[in-house]
Amino acid sequence: MWKWLVGIVIGLIVFGVGAYYFFMDYAAEKVMEQVSTTLVANEEEVNKLLEDPEIKKYLEDGEEAPANLPFTTKEEAVKVVSKKYSVNEMVEMRDKVREGLTSEEKEEIYKDLQTKLTEEELHALKVVALKELKKNQ
């Protein structure tokens, strides 16, 4: 009897941890989508990023990523974002994105990203977002 009870408890813990990581990845993915959408709408930001020859080569030719970026893949970006936000913040952001965002809400999310991420992380997030957009076009 105790073996069954322990087995069920362990199974629930494993399920809970798996669900937590799945949810965090999903929510972080939504944040990434929002950054991509916001970035594309802001041509000035895109042009500013493309002024850097290393980033331009990385985005257009697929050359090696610049060394000054703390991360260069979507997966790494998701990990960084999920470490910076609590579960409740991710839920709120996911719900906002799901319902559709006004320009004010987009700006609010962007400002929040600016407070949670370092300049280097935000810059890398923008580069990854542009890379993902180019890949999906």
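Mentor: A residue counts as exposed when its relative accessible area is over 50%, as buried when it is under 20%, and as partly exposed in between. The model is predicted.

Trainee: Which residues of helix H3 are exposed, on the other side from the buried ones?

Mentor: Start with the buried set of H3 (residues 53-61), which is Ile 55, Tyr 58 and Leu 59. These cover an arc of only 90 degrees around the axis, so they sit on the same side of H3. The exposed residues on the other side of H3 are Pro 53 and Asp 61.

Trainee: Which residue follows H3, and what is its phi?

Mentor: The residue after H3 is a glycine, Gly 62. Its phi is positive, near 70 degrees.

Trainee: How many Å does helix H5 reach from its first C-alpha to its last?

Mentor: H5 runs over residues 87-99, which makes 13 residues. At 1.5 Å a residue, the expected span is 18 Å, and the helix comes close to that. From first C-alpha to last, H5 reaches 18 Å.

Trainee: Within what arc do the buried residues of H5 fall, seen down its axis?

Mentor: The buried residues of H5 are Met 90, Met 93, Arg 94 and Val 97. They line one face of the helix, because seen down the axis they fall within an arc of 100 degrees.

Trainee: Which residues are exposed on the other side of H5, and which residue follows the helix?

Mentor: The other side of H5 has Asn 88, Glu 92 and Glu 99 as exposed residues. What follows the helix has a positive phi, near 100 degrees, and is Gly 100.

Trainee: How many salt bridges are there?

Mentor: Side chains of opposite charge can pair when their charged atoms come close. A pair counts if a side-chain nitrogen of Lys or Arg is within 4 Å of a carboxyl oxygen of Asp or Glu. By this rule, the number of salt bridges is 2.

Trainee: How many residues apart in sequence are the parts that Lys 84 and Glu 121 tie together?

Mentor: The two side chains meet in a salt bridge at 3.3 Å, N to O. Lys 84 belongs to helix H4 (residues 74-84) and Glu 121 to helix H7 (residues 119-136), so the parts they tie together are apart in sequence by 37 residues.

Trainee: Is Glu 121 buried or exposed?

Mentor: The cut-off for a buried residue is under 20% relative accessible area. Lys 84, with 29%, is partly exposed. Glu 121, at 14% relative accessibility, counts as buried.

Trainee: Which residue forms a salt bridge with Lys 116?

Mentor: The closest N and O atoms of this pair are 2.7 Å apart.

Trainee: How many helices and strands does the protein have?

Mentor: Read along the sequence, the pattern is α-α-α-α-α-α-α. The protein therefore has, by the definition of helices and strands, 7 helices and 0 strands.

Definitions and conventions: Residues numbered from 1 in each chain as written. Predicted model: local features only at pLDDT ≥ 70, side-chain atom pairs only at ≥ 80, totals over all residues. Heavy atoms only, no water. Buried < 20%, exposed > 50% of the residue type's maximum accessible area, 1.4 Å probe, protein only. Helix = DSSP H or I, 4+ residues; strand = E, 2+ residues; numbered from the N terminus. Arc of directions from axis to C-beta. Expected span 1.5 Å × (residues − 1).
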